[in-house]
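Hello,

Here is the structure for you to look over. My notes follow below.

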Amino acid sequence: MDFTELIDLASERLGGAVLIANDDFFAPKENLLKASAPKFVEGKYTNRGKWMDGWESRRRRTPGFDWCIIRLGLPGIIRGVVVDTSYFRGNYPEHCSLDGATFSGLPTEQELTSETVQWVPLLPQMPLAGDSQNPFPIQYDERITHLRFRIFPDGGVARLRVYGGVAPDWEQLKKFGGQIDLAAAENGALVLSCSDMFFGHRHNLIMPGRAANMSDGWETKRRRGPGHDWVIIKLGRPGQIRRVEVDTSHFKGNFPESCLLESCNVQGLSAEALTDLSVQWSTVLPRTKLQAHTR
């Protein structure tokens, strides 16, 4: 699977945050993880210079590099990053690198910047192109909670996307007791594929919290022929399904007439293989009428 099809572990929506930066003179560090695509506003300036939609440090007059430390929204195994330098043309960094670390709890700024932190190299110093999407695959199979992103020597980056698989602490979850949402991104679920997602991305189905509006759900284009739309979700862990909630909030004139839920137990099959007619699916919820704007 293309790593950009995985979940963005650093997403603000999942609780990701840029905690510390050594310098963000021209543009604040918080822009780095914004959900929206970067934009450029011609003629817009602040009292520090040109307004830029990203993180931008001042010009470096001494040897070294600039850096920031990021807390992932969901700890996980990172499979790739995209360093987006959109609209940074004469002021993008020449190179970048990425290190990871795993902390328990919520470390303080002092703990994160301590020389005792065991940062693991995830991405060596790599060249960047300006005004571009710079994708880099990562091969490291351990759980990561925090990142150190370095740019050489200085400059601006519009967005950083960190794609991978969520690795929840199941021992901790068991201690809470009660039912667990096996189809939640925060518990390691992943939407593998779908028939269509013209209006809303399939990953929206498993994001935490309530949908903000109609764009915050999974929505297909209008079907003009026979058939139905579908989505395949890999649960975070095998389990016994006791309750299902189908939330059509905000969908009033375009909610599905009905839904059906099936399950199977397979390992190692690709998303494409799971759509083969030979796969045996069992009915969990028979076709059931739905209502508009309703949980």
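Leaving out residues up to four places away in sequence, Val81 touches Phe3, Leu98, Leu123, Asn134, Pro135, Phe136, Ile138, Leu160, Arg161 and Val162. Contact here means heavy atoms within 4.5 Å.

This is a predicted model: local features need pLDDT of at least 70, side-chain atom pairs count only at pLDDT 80 or more, and totals for chains, interfaces and linings use all residues. Residues are numbered from 1 along each chain as its sequence is written, and side-chain values use heavy atoms, with hydrogens and water left out.

Val81 belongs to the largest nonpolar core, which has 43 residues. Along with Leu32, Ile70, Ile78, Leu147 and Phe149, Val81 touches the most other members. A nonpolar core is a set of buried Ala, Val, Leu, Ile, Met, Phe, Trp, Tyr and Cys residues joined through side-chain atoms within 4.5 Å. Buried means under 20% relative accessible area, exposed over 50%, partly exposed in between (1.4 Å probe, protein chains only). β6 (66-84) gives the most to this core, with 8 residues. Strands are DSSP runs (E, at least two residues), numbered from the N terminus. A second, separate core has 6 residues, including Ile20, Leu112, Val117 and Trp119.

Leu261 sits in strand β15 (residues 258-263). Leu261 counts as partly exposed because its relative accessibility is 29%. Beyond its neighbours within four places in sequence, Leu261 is in contact with Val244, Ser282, Thr283, Val284 and Leu285. Thr294 is 33 residues from Leu261 in sequence and 18 Å away in space, C-alpha to C-alpha.

Best wishes

Methods. Helix = DSSP H or I, 4+ residues; strand = E, 2+ residues; numbered from the N terminus.
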